[in-house]
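Hi there,

Here is the structure I promised to pass on. Have a look at it first, and my notes follow below.

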Amino acid sequence: MGEYTNLLVEIDSEGISTVTINRPKALNALNAATVHELDQLFDELAANDAVKVVIVTGSGEKSFVAGADILEMKDKTAVEGRQWGQLAQGVFNKIENLPKPVIAAVNGYALGGGCELAMACDIRIASEKAKFGQPEVSLGIPPGFGGTQRLSRLVGKGRAKELLFTGDMIDAAEAYRIGLANQVSVPEELIGKAKAMAQKIISRAPIAVQVCKTAVNRGLDVDLTSGIAYEAEVFGLCFATQDQKEGMTAFIEKRKANFIGK
Ligand code: CO8
């Protein structure tokens with residue numbers, strides 16, 4: 001793996017890579033250097049067969065990611081602002097489309113670009129200390145890293161607009177209630193919970209899991225008829241995998257399946 005200044009990267013023997021955004025002095029705010037590092041890292045994670053599931057978290061107890069770096073952004077021109085938004089959007093799209101599951105372990109503030117990063121992940125587990133919000137309108141801008149699009153897809157139009165228009169922060173319980181967080185954990189168990197979920201996913205048939213991810217993502221971009229048609233295609237293709245034969249044989253033989261990802 002490459003060398004990173006603002007990211008801590010671990011890969012354990014089970015295939016779980018834990019990526020920690022590490023700029024604690026700025027509450028892990030995303031500056032351009034960090035976004036470029038994420039871009040490079042997610043290419044590496046995609047290409048590394050030893051990595052099965054990725055967990056994204058923030059360093060320290062207080063913050064996941066407190067947004068895009070406001071100091072770096074303040075004097076941007078319109079053209080630079082658009083380039084900055086497109087850069088991060090591209091990286092977040094890469095995370096969303098990584099052919100492996102990505103779990104956000106939201107340990108604290110997930111604001112602005114931090115909430116958008118969490119939403120680009122497949123699943124969000126929130127610490128009881130987590131706070132979510134899109135406070136951009138207090139800074140004179142709308143969200144620019146996918147927030148206006150992903151928030152409404154996750155929590156619905158009305159709730160998304162309320163959060164976007166008011167800039168209010170919500171706690172983990174409210175995030176769970178509206179479907180922004182999948183689970184809430186006591187802070188000490190957050191990473192353990194994320195790893196337990198990762199282990200469970202790793203024990204399932206990898207190609208089937210990957211196909212679920214792609215089908216859900218693609219389906220939300222197209223009409224239902226096209227999404228259903230895509231599902232039929234990938235459903236059929238999975239019958240060409242050894243894991244499909246293994247999974248069904250194991251069921252019939254009343255034993256645990258041993259998946260190989262082929
Ligand atoms: N950028 C830069 N520095 C930050 C950021 C940030 N987003 N957030 C916190 N910091 C820094 C503070 O400046 C402070 O630094 P210093 O110690 O040098 O003064 C340090 O982190 C600690 O922060 P606080 O002292 O403010 O800590 P508090 O516990 O008092 O407050 C908060 C914590 C509530 C999280 C507070 O720091 C805060 O409100 N932060 C900003 C949150 C925010 O508005 N985020 C959204 C940013 S905009 C964004 O993400 C837009 C993305 C899309 C851009 C599209 C462009 C086209």
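At what angle do the axes of helix α1 and helix α3 cross? They cross at roughly 30° and come within 10 Å, with α1 covering residues 32-47 and α3 covering residues 78-96. Before I go on, please keep in mind that this is a predicted model, in which local features need pLDDT of at least 70, side-chain atom pairs count only at pLDDT 80 or more, and totals for chains, interfaces and linings use all residues. Residues are numbered from 1 along each chain as its sequence is written.

A word on terms: helices (H or I, at least four residues) and strands (E, at least two) are DSSP runs, numbered from the N terminus. Axes are lines fitted to C-alpha atoms, for helices over the stretch in contact, and angles run from 0 to 180 degrees between N-to-C directions.

**Helix pairs**

With that crossing angle, α1 and α3 are roughly parallel to each other (angles under 35 degrees count as roughly parallel, over 145 as roughly antiparallel, 65 to 115 as roughly perpendicular and the rest as oblique). The crossing of α1 past α3 is left-handed (the near helix is turned anticlockwise from the far one by less than a right angle; clockwise would be right-handed). From α1, Val35, Leu38, Asp39 and Phe42 meet Leu87, Ala88, Val91, Lys94 and Ile95 of α3, where contact means C-beta atoms, placed from the backbone, within 7 Å. This contact has seven nonpolar, no polar and two charged residues (Ala, Val, Leu, Ile, Met, Phe, Trp, Tyr, Cys and Pro count as nonpolar, Asp, Glu, Lys and Arg as charged, and the others, Gly among them, as polar).

Then there are α5 (residues 147-155) and α6 (residues 157-166), with axes that come within 7 Å and cross at roughly 135°. That makes α5 oblique to α6, and their crossing is right-handed. Thr148, Leu151, Ser152 and Val155 in α5 meet Lys157, Arg159, Ala160, Leu163 and Leu164 in α6. By class, five nonpolar, two polar and two charged residues make up the contact of α5 with α6.

**Sheets**

β1 and β2 pair in the antiparallel sense over five bridges, with Leu7 opposite Ile21 in β2. Their hairpin has four residues between the strands, and Gly15 takes a positive phi near 95° there. Strand β2 (residues 16-21) also pairs with β3 (residues 53-58), in the parallel sense over six bridges; Ser17 stands opposite Val54 in β3.

The other open sheet to look at has four strands in the order β4-β6-β8-β9, again with mixed pairing. Here β4 (63-65) and β9 (169-171) are the edge strands. Strands β6 (residues 109-111) and β8 (residues 131-133) run parallel and are joined by three bridges, with Tyr109 opposite Lys131 in β8. Helix α4 (residues 113-120) lies across β4, β6 and β8, running at about 95° to β6.

**Domains**

The domain assignment gives domain 1 (7-202) and domain 2 (204-253); such bounds come from an automatic or database assignment. Their centres, taken over C-alpha atoms, are 27 Å apart. Eight residues of domain 1 are in contact with seven residues of domain 2.

Best wishes

Methods:
Two strands pair if DSSP finds at least two bridges between them. Two residues are in contact if their C-beta atoms, placed from the backbone, lie within 7 Å.
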